[in-house]
Amino acid sequence: MAGEFEGKKGLILGVANKRSIAWAIAQVLAEGGAQLAFTFQGERIEKNVRDLAATVDAPLVTECDVRSDDDIARVFAETGEAFGGELDLLVHSVAFAAAEDLEGRFTDTPRDRFWMAIDISAYSLVACARAAQPLMEKAGGGSIVTMTYLGGERAVPHYNVMGVAKATLDSAVKYLAWDLGERNIRVNAVSAGPVRTLAARSIAGFPTMEAIVQERAPLRRHVEAEDVGAAAGYLLSDAARNVTGTTLYVDSGYHAMGM
């Protein structure tokens with residue numbers, strides 16, 4: 001996508017390390033000529049994010065707690081300052097559930113951790129889209145992409161409360177697409193197959209999920225972060241200017257199978 005994003009300005013939420021899907025997307029955008037800003041969550045990953053951001057000359061790297069409306073407002077204000085009040089691209093690759101809720105029974109999920117998973121994994125997209133809207137309107141429109149998973153549509157053992165959060169996210173994509181479409185802002189999702197990321201390690205039985213996809217998906221192969229990055233790049237690009245409210249599956253065709 002050389003030159004595809006020349007002059008575009010983007011904000012990336014969710015990079016943790018070089019294996020992150022968000023970083024794979026960022027690389028596609030940067031190679032296409034986009035200027036990028038990044039957020040990080042907590043001191044533990046700050047250095048990783050700053051080091052990666054430096055390789056693409058990011059003008060802004062800032063902390064963001066997506067559970068805080070004040071923090072989100074600050075981040076988008078800083079983004080506006082860095083990019084002359086405009087924003088073309090927003091990548092939302094943020095999700096979280098307590099590790100103990102990604103094993104055992106979904107039935108045992110306590111109320112506080114249920115709402116925490118939905119708040120971080122789904123409502124954060126709504127809050128960020130709202131904050132991005134004025135910047136994207138000033139740019140003449142924009143494109144938002146979030147990351148989802150088949151566990152929001154079907155029961156996947158051990159995915160549990162995260163599946164419910166992804167179902168909420170999937171619905172939010174459609175409603176945001178309707179609300180923001182008249183402002184020329186598109187909202188889409190990529191549903192990736194099992195990818196070996198830091199977050200994936202917290203899901204009990206992840207190797208089994210990966211093996212089943214390789215065995216039963218039509219293409220019979222693993223999905224890499226780079227595959228997801230390329231698909232997200234398409235959705236963010238002008239080539240997808242009439243695509244919104246859509247989920248693009250990058251799972252070697254596994255979602256099409258009945259068993």
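## Fold at a glance

Take the contacts in the protein chain between residues at least 6 apart in sequence: 74% of them join residues at least 24 apart. Keep in mind that this is a predicted model.

The chain is built from seven helices and seven strands. Reading from the N terminus, the order of elements is β-α-β-α-β-α-β-α-β-α-β-α-α-β.

## Size and burial

Along the principal axes, the C-alpha atoms fill a box of roughly 50 × 40 × 35 Å.

As for burial, 52% of the 259 residues in the chain are buried.

## Helix 3 against helix 4

Now for one helix pair. Two packed helices are described by the angle between their axes and the distance between those axes. Here, helix 3 (residues 69-82) packs on helix 4 (residues 111-138) at an angle of about 30 degrees, and their axes are 10 Å apart. Since angles under 35 degrees count as roughly parallel, helix 3 is roughly parallel to helix 4. The crossing of helix 3 past helix 4 is right-handed.

Which residues do the touching? On the helix 3 side they are Asp69, Ile72, Phe76 and Gly80, and they meet Ala127, Cys128, Arg130, Ala131, Ala132 and Leu135 of helix 4.

Notes
Residues are numbered from 1 along each chain as its sequence is written. This is a predicted model: local features need pLDDT of at least 70, side-chain atom pairs count only at pLDDT 80 or more; totals for chains, interfaces and linings use all residues. Side-chain values use heavy atoms; hydrogens and water are left out. Axes are lines fitted to C-alpha atoms, for helices over the stretch in contact, and angles run from 0 to 180 degrees between N-to-C directions. Helices (H or I, at least four residues) and strands (E, at least two) are DSSP runs, numbered from the N terminus. Angles under 35 degrees count as roughly parallel, over 145 as roughly antiparallel, 65 to 115 as roughly perpendicular and the rest as oblique. A crossing is left-handed if the near helix is turned anticlockwise from the far one by less than a right angle, and right-handed if clockwise. Contact means heavy atoms within 4.5 Å. Buried means under 20% relative accessible area, exposed over 50%, partly exposed in between (1.4 Å probe, protein chains only).
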